[in-house]
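Please keep the sequence and the model in view while reading.

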Amino acid sequence: MNTAATGQDALAQIAAAEDLDSVERLRVAFLGKQGSISGLLKTLGAMSPEERQSVGPQIHALRESVTTALAERKAALESAALEARLAAETVDLTLPAPEAPRGTVHPVSQVMDELAEIFADLGFAVATGPEIEDDWHNFTALNMPESHPARAMHDTFYFPDASPAGGKMLLRTHTSPVQIRSMLQHGAPLRIIAPGRVYRSDSDATHTPMFHQVEGIVIDKGIHLGHLKWTLETFLKAFFERDDIVLRLRPSYFPFTEPSVEVDVGFALVSGPDGKSRRVLGGSGDAPGHGWMELLGSGMVNRKVIEFGGLDPNEWQGFAFGIGVDRLAMLKYGMDDLRAFFDGDQRWLAHYGFSALDVPTLSGGVGTPA
Ligand code: DAH
């Protein structure tokens with residue numbers, strides 16, 4: 001056998017290979033299991049020791065040189081392909097740039113901004129309180145002592161650890177504890193709203209375990225229900241951008257107010273282009289084609305709550321109210337499923353979100369969607 005001739009022939013074929021597929025075919029033909037050089041290697045086993053000693057090194061050298069040649073040819077073809085691509089593909093600077101993803105303001109944040117804007121015009125400051133509360137601020141100081149049945153109604157998330165003062169720690173079930181914190185911190189007179197997150201162990205199409213409320217409290221001298229009604233009416237007219245908002249005050253019960261009133265707002269049932277009827281706020285709920293919808297809880301601040309706030313209820317009176325912010329957003333912007341607020345679906349945000357540059361102002365039209 002002439003390994004030199006076999007080698008020359010193999011190297012010539014490799015040098016002539018024009019693409020990576022041909023190189024691979026040659027590798028299989030020479031070095032694969034059934035390959036010619038692999039076949040030569042197998043013959044070594046049947047040879048006499050002397051023969052193997054003379055022929056063996058030639059066959060190994062042949063395999064070596066073919067292996068090297070295949071690798072070199074492959075590398076050369078690959079770098080040629082890369083050169084060709086680099087030469088062909090150029091960056092076209094005249095093409096429009098891909099659009100950068102743009103953030104939007106969440107409707108809940110937008111509505112909270114609108115609330116702060118409207119109430120600022122009425123002389124209210126914005127107050128905040130912790131979301132991890134103790135049961136004294138969340139319940140006791142709001143006239144819900146330990147055994148009070150209203151505590152059970154709140155489906156509270158409790159923490160396993162007690163507060164330093166000994167009471168239970170919990171995720172606040174409403175924004176009302178900010179009433180107490182504000183009275184203790186600022187005294188009277190006081191006019192604040194407190195928007196923020198609240199938590200209850202509750203979940204369906206109209207309830208999420210975390211939702212948003214805005215609390216309002218006014219403490220001053222000679223405050224009565226008339227002030228409450230005017231304030232809510234003025235706020236709701238500005239918020240819904242309608243002059244025909246009509247409120248109905250119904251007697252109710254909250255431990256922290258006395259008397260307590262549930263506030264309903266009149267709406268008209270209007271059928272949309274899709275045939276579905278929608279509630280549009282405005283007009284008396286008693287008018288034909290109209291109805292009343294419950295909107296918020298409120299009342300005159302209970303004397304005991306004013307005392308827990310460190311003030312003398314014979315000197316100071318006030319009103320308070322609490323509204324669901326998510327519900328306000330749904331009503332104003334026509335969203336129908338509360339859960340979508342917290343799904344984090346960018347398509348929903350793109351549909352309902354607001355431009356980050358659209359700061360709400362009363363003069364500019366509050367909350368005009370971008
Ligand atoms: N804290 C009440 C709740 O979460 C809402 C509420 C009702 C707040 C009446 C008030 C109020 O300030 O006066 O159900």
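A residue is called buried when its relative accessible area is under 20%, exposed when it is over 50%, and partly exposed in between, with a 1.4 Å probe and protein chains only. The model is predicted, so that local features need pLDDT of at least 70 and side-chain atom pairs count only at pLDDT 80 or more, while totals for chains, interfaces and linings use all residues. Residues are numbered from 1 along each chain as its sequence is written, and side-chain values use heavy atoms, with hydrogens and water left out.

By that criterion G266 is buried, because its relative accessible area is 0%. G266 has its place in strand β9, where helices (H or I, at least four residues) and strands (E, at least two) are DSSP runs numbered from the N terminus. Not counting residues up to four places away in sequence, G266 touches V246, L281, G282, G283, S284, G285, G291 and W292, contact meaning heavy atoms within 4.5 Å. The C-alpha atoms of G266 and E294 are separated by 9.1 Å, although these residues lie 28 residues apart along the chain.

Two packed helices are described by the angle between their axes and the distance between the axes. Axes are lines fitted to C-alpha atoms, for helices over the stretch in contact, and angles run from 0 to 180 degrees between N-to-C directions; angles under 35 degrees count as roughly parallel, over 145 as roughly antiparallel, 65 to 115 as roughly perpendicular and the rest as oblique. Helix α3 (residues 36–43) and helix α4 (residues 49–88) pack at an angle of about 160°, with their axes 10 Å apart, which makes α3 roughly antiparallel to α4. In this pair, I37, L40, L41 and T43 of α3 meet I59, H60, L62, R63 and V66 of α4.

The axes of α5 and α9 come within 10 Å and cross at roughly 130°, and α5 and α9 are therefore oblique to each other. Here V111, E114, L115, I118 and F119 in α5 meet T231, F235, A238 and F239 in α9.

A nonpolar core is a set of buried Ala, Val, Leu, Ile, Met, Phe, Trp, Tyr and Cys residues joined through side-chain atoms within 4.5 Å. The largest such core has 44 residues, and those with the most contacts inside it are V111, L115, F235, F321, L328 and F341. Apart from this core lies another, of 22 residues, among them A141, L170, V178 and F256.
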